[in-house]
Amino acid sequence: YLPATLEDSWLLLSGLAAFLADLAIFFVYKLVKLLLGSRMAIVAFFLSVPMIALSESGSIFYTDIVALWTIPAALYILLRIKNTSFQKRWIRCCVAAAVLAFGTWTKPQVAVSVIALCIVWVLDIIRPSASGKVKLALLAELLLVFFIFTFLLLLAVRVVSAATVDTLAVHSPSMDRDIPVVAIVPEGVSAAEPCPVVYLLHGYSGDETAWLKIKPSLPAIADRERIAFICPGVGNSWYLDSKVREKSLYETFMTRELLPAVEARYPVARDRSGRAITGLSMGGFGAMSLAIKHKGLFGAAGSTSGGLEIRPFPQNWEIPQLLGEITEHPEAWEEATPINLIPQLGNGDLAIVFDCGYDDFFFEVNNDFHDELLRRGIMHDFYVRPGGHTGAYWGNAIDFQIVFFRNFFAKAN
């Protein structure tokens, strides 16, 4: 089987990962059966399965497999305890606890199976057939595993970095209101070593939490790539300064108020070589518009499923409430639509990446945007792939854009 597309490759790898995960659970069952018998093995099996169900939907990574296999590894170590000296028994208990701690650190869901194993162990301890001395010895070993496991887990939490996720209220003097903003900043950055920043813009009916819901792994990506993500919540403003809606000045907010507020609070880049902006749907419209109009602020711009030409949709998504009716204020629509801003660009002024799914209602306008850039000789990255106007599509698409921005930041610096 040779995957023809990236999606096919992902499905193939996910299938393989699921098989290895199931195999790990099978080994859990077999090893518990060897240790404690069939009845306890069935209990352990049914208590271990939730760990698979709790894993991220549609996203099975190498960490899932590594974490799952720590369970049979720990069981195997404990199985070898029988008929060994007291010193070797305690050493093996320590090793088993360390393996389980590593598994839970790699994937917190492993804790479900750890609890399952402990329940099985306790049930074995209280069996009437066990003598008092055997019970005490098993209980001591159980407590030892718990103590070492807890200690190593707490140590891992302290040692291993984790991105900061803050929800801010950034005051807008131009609108006299507070705007909610989610900031995801990698651990360990400082004023001496600031990190680049990507402004992630939500779509129509979204808010500042939209991208975290679409891509829950953003904090981990921030740590891995050493990139901060800033997600403002601007309602259905289309990131415009409206001449129709009172005190709806979101272009002013984004370019004059948000950036200084973020840079005053966090050690992020303060020039265009370390700033990028992208967004989905309405956010793609906003990102591309703001980046073209304010090339001095952003060095790279992106859009996924973006509304890069709004004139074909004159009655949709509250745009007339911001720009006026297209028949009455055609000039406002002409000035706002991103495809008409392209003449302001020269080749190399802006690093551009955008994409759209074949089944998206914005597919044709994205193709038109691509054609216009080509006609004017402006280099850019444009991807088309299967998918529609959905969170699943955006969650996949943003990975490619983050790679694009990472490469831009590396080259710029």
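In strand β6 of this predicted model, the residue that A301 provides is the bridge partner of I277. The two strands concerned, β5 (residues 275-279) and β6 (residues 300-304), pair in the parallel sense over two bridges, where helices (H or I, at least four residues) and strands (E, at least two) are DSSP runs numbered from the N terminus, and where two strands are taken to pair if DSSP finds at least two bridges between them. Strands of a sheet pair through backbone hydrogen bonds, either parallel or antiparallel. Residues are numbered from 1 along each chain as its sequence is written. Because the model is predicted, local features need pLDDT of at least 70 and side-chain atom pairs count only at pLDDT 80 or more, while totals for chains, interfaces and linings use all residues, and side-chain values use heavy atoms, with hydrogens and water left out.

Strands β5 and β6 belong to an open sheet of eight strands, whose order is β1-β2-β4-β3-β5-β6-β7-β8 and whose pairing is mixed. The edge strands of this sheet are β1 (164-172) and β8 (381-385), each of which pairs on one side only. From one strand to the next, the twist averages 20 degrees, with axes defined as lines fitted to C-alpha atoms, for helices over the stretch in contact, and with angles running from 0 to 180 degrees between N-to-C directions.

Strand β7 (residues 351-357) is paired on both sides, with β6 in the parallel sense over five bridges and with β8, also parallel, through five bridges. Within these pairings, F354 of β7 stands opposite S303 and also opposite F382 in β8. Strand β7 is mostly covered, since seven of its seven residues are buried, a term that denotes under 20% relative accessible area, as against exposed for over 50% and partly exposed for values in between (1.4 Å probe, protein chains only). In a regular strand the side chains alternate between the two faces of the sheet. For β7 both faces are covered, with A351, V353, D355 and G357 buried on one side and I352, F354 and C356 buried on the other.

Most residues other than glycine have a negative phi, and most peptide bonds are trans. As to accessibility, S305 counts as buried because its relative accessibility is 0%, whereas W317 counts as partly exposed at 22%.

Two packed helices are described by the angle between their axes and the distance between the axes. The axes of helix α9 (residues 218-225) and helix α15 (residues 391-412) come within 12 Å and cross at roughly 25 degrees. Helix α9 is therefore roughly parallel to α15, given that angles under 35 degrees count as roughly parallel, over 145 as roughly antiparallel, 65 to 115 as roughly perpendicular and the rest as oblique. The residues of the contact divide into three nonpolar, no polar and three charged, where Ala, Val, Leu, Ile, Met, Phe, Trp, Tyr, Cys and Pro count as nonpolar, Asp, Glu, Lys and Arg as charged, and the others, Gly among them, as polar.

Further contacts involve residues in loops. In the loop between α10 (250-265) and β5 lies S273, which counts as buried at 19% relative accessibility and touches F408, F409, A412 and N413 when residues up to four places away in sequence are not counted. The loop between β2 (177-185) and β3 (197-201) holds A192 and also P196. P196 is buried, with a relative accessibility of 19%, whereas A192 is exposed, with a relative accessible area of 71%. With residues up to four places away in sequence again not counted, P196 touches R226, I227, A228, A269, G274 and F409. Between the C-alpha atoms of P196 and R272, which are 76 residues apart in sequence, the separation in space is 9.5 Å. For A192 and P267, which lie 75 residues apart along the chain, the C-alpha atoms are separated by 8.2 Å.

Note on methods:
Contact = heavy atoms within 4.5 Å.
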